[in-house]
Amino acid sequence: MDHPDIEIQEKKRAYNGYLKIDVYRLRHKKFDGSWTGVLPPREVCVRGQAVGVLLYDPDRDSVVLIEQFRVGAASTGGRAWLTEIVAGLLDEGETPEQVARREAMEEAGCTVQDIETICDYYPSPGAYDEHVTVFCGRVDSRGLAATGGCADEHEDIRIMVVPADEAIRLLDENRLNNSIAIIALGWFARNRDRLRSQWIGK
């Protein structure tokens, strides 16, 4: 964190497991030009860079979605298995586009051909440093396996080829309870006709 309007008094690593938590004591400049006092401890969950990619087959006007177990959702009493788009974290030295292509193959068995950036955003900036880049990628959805994922990452993923109209209906009926899928399919609903005319038959 290096910003002229933020002054860090102290930073320490409070937890260093699969998730990492840093605790900051800081003050920052206010909108009126004055400075705050030193704020109460602010905890930040360190997740880093993530990537999602909506896989679209324009020749069949279908998208490839996945379903997998999510302990966070399960812990709240919500749906334990969520319908999502392919996603993953950056490894050192990778670009977001490289991650999109790698995860598409690992999780869904798809080779991304053309690719377009949808957006980038912070899912929960009040407590997480995670920054997500979202893509849409052209794929051939024929002959995909029923399941995918990396065994060494303990992934058990259902692969689903879903007609575009049905996927958009999942969004409209509030059956996609994760931000990355909601954002990707909201964008797709507005850009589907353009993408299809641009990518079909390539």
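A nonpolar core here is a set of buried Ala, Val, Leu, Ile, Met, Phe, Trp, Tyr and Cys residues joined through side-chain atoms within 4.5 Å, where buried means under 20% relative accessible area with a 1.4 Å probe, protein chains only. The model is predicted, so local features need pLDDT of at least 70 and side-chain atom pairs count only at pLDDT 80 or more, while totals for chains, interfaces and linings use all residues. Residues are numbered from 1 along each chain as its sequence is written, and side-chain values use heavy atoms, leaving out hydrogens and water.

**View 1. The largest nonpolar core, with 26 residues.** Leu 54, Val 63, Leu 65, Ile 85, Val 134 and Phe 188 touch the most other members. At least two residues each come from β4 (49-57), β5 (62-69), β8 (115-121), β9 (131-138), α3 (164-172) and α4 (179-199); these are DSSP runs numbered from the N terminus (helices: H or I, at least four residues; strands: E, at least two). α4 gives the largest share, 8 residues.

**View 2. Around Phe 188.** Leaving aside residues up to four places away in sequence, Phe 188 touches Leu 54, Tyr 56, Val 63, Ala 164, Ile 168 and Leu 195, contact being heavy atoms within 4.5 Å. Another core, of 17 residues, lies apart and includes Cys 110 and Val 139.

**View 3. The buried face of α3.** Ala 164, Ala 167, Ile 168, Leu 170 and Leu 171 are the buried residues of α3. Down the helix axis they fall within an arc of 150° (taken from the directions from the axis to the C-beta atoms), so they line one face of the helix. Their packing partners are β5, β11 (157-163) and α4. After α3 comes Asn 174, with a positive phi near 60°.

Definitions and conventions: Buried < 20%, exposed > 50% of the residue type's maximum accessible area, 1.4 Å probe, protein only.
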